[in-house]
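Hi there,

Here is the structure I promised to pass on to you. Have a look at it first, and then read on for my notes.

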Amino acid sequence: MKNTLGRVSRLTAVLLAGALAGATVTVTGTASAASGPAAAVVPSGPGSELSAASFTQMTVDDVSKRVWIAGDRVYPDGSREGELIGVLYGGAGPAVASAGTAAPLSGVAVDPTGSKVYAGQSDHIANYSHENGALYPLDPIPAPADSCGRELVHTGGRLFFTSRAAASPEGCGDVLGSVGVTATTEGDSAGEVMYSNAQVHLEGGPGGLLVTAPERGPSADDPDLGIYRVTDGADGNLLEFLGERRFTDDGTGPGMDFRDADFSADGSVLAVADGVRGTVLLSGQDARFLENHYAPLPEGAAPTAVAFSPDGKWFAQGGAASGDTADLTLAFADPSVERQPLRISFEDEDAGQRVVPRGMEFSGDGQQLFVVTSDQEGTEFWLHTIQTREALAPSSFVDVAHGPAVAGRPFRVTGRLELDGPAPTEAPQITVQRFAGPEITDLPPVPVAEDGTFVLEDTLPDQAGDVFYVLGYAGDEVHHLTEHWLLVNTVDPSNAATRGRR
């Protein structure tokens, strides 16, 4: 297929953009995810500094392409204001949507349609209509008093929240709390679905899964994590109990020290970030222990967060470490892929020094990992966007060479496609475009042999001059894309014959 000169500059820009995209690292610094020992990535530039001076929860709105974060802002006079912000990562509307509320503000959830956003207040749940980056207040949702920090989760078509009232923050471990559910427009009633003597964390999952994870405290040495599925409530029970898990055999001693939890894309695995044990894997169907095949955070990194990507491809573990020790690892969710994870270290006054508890979420397509970091004191916060493609294995063209280049004559290019790390998921092919003056020609794809070698055979244009060949590899599930530009200076046949007689 041939195109006119008018399209050359546009297509060249696209090809260059593709080549640059293959080399871009969003977290500035040096990255390594080779099949051998992985080096840390130390960000040299800042993330996006958040205005809030506290962080309680984050969630990703895949419809509106926003990362929603709830926290409090502190002003110079010492006054505080609750702040709900939604940072745009795609889609339309202002770059940041925001709403101010009374402090303290804790917990955030979004309706699956992206049309409503919820934030926890001490005496109700703030309710906003969201459209194109603008938030419009709706009638607040009634909820029992809370002074210990709410958590909100939207799962199974219902909004769940925690409530816990205490005379002071120090008393949050000594009062009875509850998990509640709001009413729906279809007439489903609101109410409390369970009570707990410990402060409870919530996590939602696919297919209406819900986790309740109490904090460890003096009155609950070994709290029991529960897994439920949201039902239609026809039998009078909104939650179907699937299983529970204590982290010690006899129910005493240092049990679960909860930091974060997340379900795999299919709900079969629940990863728990435990302050003592690191990452613990449980069955998402009955809470039994599963063997953990993932490379752990490095020694000295305290676990703070876990996240599976909704597309089923990635698994991330976040932590708090000092110096160049990695605070985050990004690996393939399929542990059978034998590849060292990408490791990232946050150690910068303008980027944060640790991943905060519950501070990681993926975009719905799995292409971006959003990470909230903080300083050591936990008073300043940053939002980082990590492109997951940086964890793919490198690919490159090597030993590219060509034979005699005579206009109008057959022409041959040889080379090798080098793929680091695991074997490709399917037989690679190389795309080829030829630029000759005003014409661009798409040549048939070139197969790659098992040893990575390839042979491109073509017939050169009749007119002598410079010819560009653009070799492209689109990548696969585990390898990065790559391109190679080959400049060939063709000669006129008469000149070739003259040279041959010398």
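Below is what turned up, going from the disulfide to the salt bridges, the surface patches and the backbone. Please keep in mind that this is a predicted model.

**The disulfide**

How many disulfides does the count come to? The count comes to one disulfide. Its partners are Cys 148 and Cys 172, with the two sulfur atoms 2.0 Å apart. The pair links distant parts of the chain, its cysteines being 24 residues apart. Cys 148 sits in the loop between strand S12 (141-142) and strand S13 (152-155), while Cys 172 sits in the loop between strand S14 (158-164) and strand S15 (177-181). Are these two cysteines buried or exposed? Both Cys 148 and Cys 172 are buried. If you like to check the handedness, the torsion about the S-S bond of Cys 148 and Cys 172 is about -100 degrees, so this disulfide is left-handed.

**Salt bridges**

Searching the whole structure gives 15 salt bridges.

- Asp 72 pairs with Arg 80 in a salt bridge, and their closest N and O atoms are 3.8 Å apart. Asp 72 has a relative accessible area of 5% and is therefore buried, whereas Arg 80, at 45%, is partly exposed.
- Arg 389 forms a salt bridge with Glu 390, where the closest N and O atoms are 3.6 Å apart. Arg 389 counts as partly exposed because its relative accessibility is 29%. Glu 390, with a relative accessible area of 13%, is buried.
- Arg 416 and Glu 418 meet through their side chains in a salt bridge of 3.3 Å, N to O. Arg 416 is partly exposed, with a relative accessible area of 27%, and Glu 418 is partly exposed as well, with 30%.

There is also a network of salt bridges, which links Glu 151, Glu 203, Asp 260 and Arg 358.

**Surface patches**

Which residues form the negative surface patch? They are Glu 49, Glu 349, Asp 350, Glu 377 and Glu 380. One of them, Glu 377, is placed in the loop between strand S30 (368-374) and strand S31 (381-387). Glu 377 has a relative accessible area of 61%, so this residue is exposed.

A nonpolar patch on the surface is made up of Phe 468, Trp 485 and Leu 487. Together these three residues have about 260 Å² of accessible area. Leu 487 belongs to strand S38 (residues 482-490). With a relative accessible area of 47%, Leu 487 is partly exposed; the cut-off for exposed is over 50%.

**Backbone details**

Where is the cis peptide bond? The bond from Ala 103 to Pro 104 is cis, and its omega is near 0 degrees. Pro 104 lies in the loop between strand S7 (96-101) and strand S8 (106-110).

Lys 65 is not a glycine, yet has a positive phi of about 55 degrees. You will find Lys 65 in the loop between strand S4 (57-61) and strand S5 (66-74), and with a relative accessibility of 28% this lysine counts as partly exposed. Asn 132, which is not a glycine either, has a positive phi of about 55 degrees. Asn 132 is in the loop between strand S10 (124-131) and strand S11 (134-137).

**A pair across the sequence**

One last stop is Phe 289, in strand S24 (residues 289-290). How far apart are Phe 289 and Arg 245 in sequence and in space? Phe 289 and Arg 245 are 44 residues apart in sequence, and their C-alpha atoms are 8.3 Å apart in space. Phe 289 has a relative accessibility of 40% and therefore counts as partly exposed.

Happy viewing, and do write back with any questions.

Best wishes

Terms used: Residues are numbered from 1 along each chain as its sequence is written. This is a predicted model: local features need pLDDT of at least 70, side-chain atom pairs count only at pLDDT 80 or more; totals for chains, interfaces and linings use all residues. Side-chain values use heavy atoms; hydrogens and water are left out. Patches are made of residues with over 30% relative accessible area and no salt bridge: like charges are joined within 9 Å, nonpolar side chains (Val, Leu, Ile, Met, Phe, Trp, Tyr) within 5 Å. Accessible areas come from the Shrake-Rupley method with a 1.4 Å probe; for residues, only the protein chains shown count as cover. A salt bridge is a side-chain nitrogen of Lys or Arg within 4 Å of a carboxyl oxygen of Asp or Glu. Lys and Arg count as positive and Asp and Glu as negative; His and the chain ends are not counted. The place of a charge is taken as NZ of Lys, CZ of Arg, CG of Asp or CD of Glu. Helices (H or I, at least four residues) and strands (E, at least two) are DSSP runs, numbered from the N terminus. Buried means under 20% relative accessible area, exposed over 50%, partly exposed in between (1.4 Å probe, protein chains only). A disulfide is a pair of cysteine sulfur atoms within 2.5 Å.
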